[in-house]
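Thank you all for coming. I would like to walk through one structure with you, part by part, so please have the display open as I speak.

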Amino acid sequence: MKAWLLKDFGLDNLQLEEVATPQPKAGELLVKVGAVSLNFRDKAIVDGIYEPHLVPKPLIPVSDAAGTVVAIGDNVTRFKVGDRVNSHLYSRWLDGEPGPNEPDYCFGSPLPGGLAEYMIIHEDSAVGAPDNMSDIEAATLPIAALTAWYSLVDFGQIQTGQTVLVQGTGGVSIFAVQIATALGAKVIATSSSDQNLQAVKTLGAVAGINYRTTPNWADEVLKLTDGKGVDLLLDVAGGSGINQSVAATKASGRIAQIGFLTGQTVELNLMPLIFRQTTIRGIAVAPRSSFDRMNAFLNEHKIRPVIDQVYPFEKAREAYEHLARGAFGKVVIKIA
Ligand SMILES: NC(=O)c1ccc[n+]([C@@H]2O[C@H](COP(=O)([O-])OP(=O)(O)OC[C@H]3O[C@@H](n4cnc5c(N)ncnc54)[C@H](OP(=O)(O)O)[C@@H]3O)[C@@H](O)[C@H]2O)c1
């Protein structure tokens, strides 16, 4: 099969080659990949800043895939040839609380990912792809949509009328706007682009703040929430912006710490955190059971992924470069 191989860190070391097509062992599915979507994680892996000690070389990168089962190993019962499935990033985290070593079993590092014509997915970690979505659409779900869903629903327990803040207009945040709006929440979005803020309002956001022209964006959030702050804040920016996130979240509110776009370390001011009694919870996507619940919700609410651009398989590097420039929603690579 054709596969992109990351032979060393750096995009120049991502190369399209012929490799042996993997064969499914007991319990495994061989999936003909229809499409994959890129996440910041995929770019960070190529750049060598995401758990570099776990990255095997060469690696077939990219965790998020949708495709069709074309062969099954012995004893497979959950899926059959012809079924359409999604990969699930934390392949062994199926339900409940995570185990201590979930990152050791993630697709796209250290397990082989989906940037290839075929990939192996264990039947336990595969999720039925939504019937109403193409592979191109379904490929956007495993990390970006599921992280937004888990943060809003499993952790955030968002109720109608509550307020949510999302940062930027990338993959996670756009899904968060769509899902939170469908849950009846009022969403405030930030972005570096006024144009993107207009676009995000058409998806349901009630207010937008440009974090470039308004660097003290937490003050604006307080003005928009009668001085209280939001019920739940999805922090994808990371870095020392966490102090503004605490300020922008209501007393006893919650912060889902999802990302690290501006930095993986922070200097956190403890006194505001203590006085506001904020809960900050690290988020690492979600268990498979949450993915199943999310797909039913997306179906029921007719939520369609927002895709900025679809690249052909041969232009995978250009797709990574697009993600690095910034995308409104998701960047997808069509394979089959
Ligand atoms: N922990 C998890 O389970 C998990 C899951 C998914 C993602 N993540 C992490 O979450 C982050 C976002 O991931 P993604 O895939 O959504 O990324 P993405 O699609 O590449 O989105 C990046 C967007 O974030 C916005 N942004 C950049 N710097 C910002 C800042 N200082 N303040 C506010 N917004 C900022 C920009 O939006 P504008 O152009 O509108 O400014 C940019 O387009 C990454 O760090 C990723 O690794 C973690």
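Which domains does the domain assignment of the chain give? There is domain 1, covering 2–140 + 305–334, and domain 2, covering 145–282, with bounds that come from an automatic or database domain assignment. Before I go further, please keep in mind that this is a predicted model, in which local features need pLDDT of at least 70 and side-chain atom pairs count only at pLDDT 80 or more, while totals for chains, interfaces and linings use all residues. Residues are numbered from 1 along each chain as its sequence is written, and side-chain values use heavy atoms, with hydrogens and water left out.

Let me stay with the two domains for a moment. The C-alpha centres of domain 1 and domain 2 are 28 Å apart, and the contact between them, meaning heavy atoms within 4.5 Å, draws twelve residues from domain 1 and 16 residues from domain 2. About 1,000 Å² is buried between domain 1 and domain 2, with carbon and sulfur atoms giving 72% of it; buried area here is the accessible area (1.4 Å probe) that two parts lose on being put together, summed over both. On the side of domain 1, Phe-40, Val-306 and Phe-328 supply 45% of the area buried against domain 2, which is more than any other three residues.

Now to the ligand. It is surrounded by 24 residues, and the closest are Thr-169, Ser-191, Tyr-211, Ile-283 and Val-285, where a residue counts as near if one of its heavy atoms lies within 4 Å. A polar backbone atom of Ile-258 is 3.0 Å from a nitrogen atom of the ligand, and a backbone N or O atom of Phe-260 lies 3.0 Å from an oxygen atom of the ligand. Taken alone, the ligand exposes 930 Å², and the protein buries 86% of that, by the Shrake-Rupley method with a 1.4 Å probe.

Ser-109 has a phi near 135°, a positive value in a residue other than glycine.

Conventions: Polar contact = N/O pair within 3.5 Å; in protein donor to acceptor, adjacent residues only side chain to side chain.
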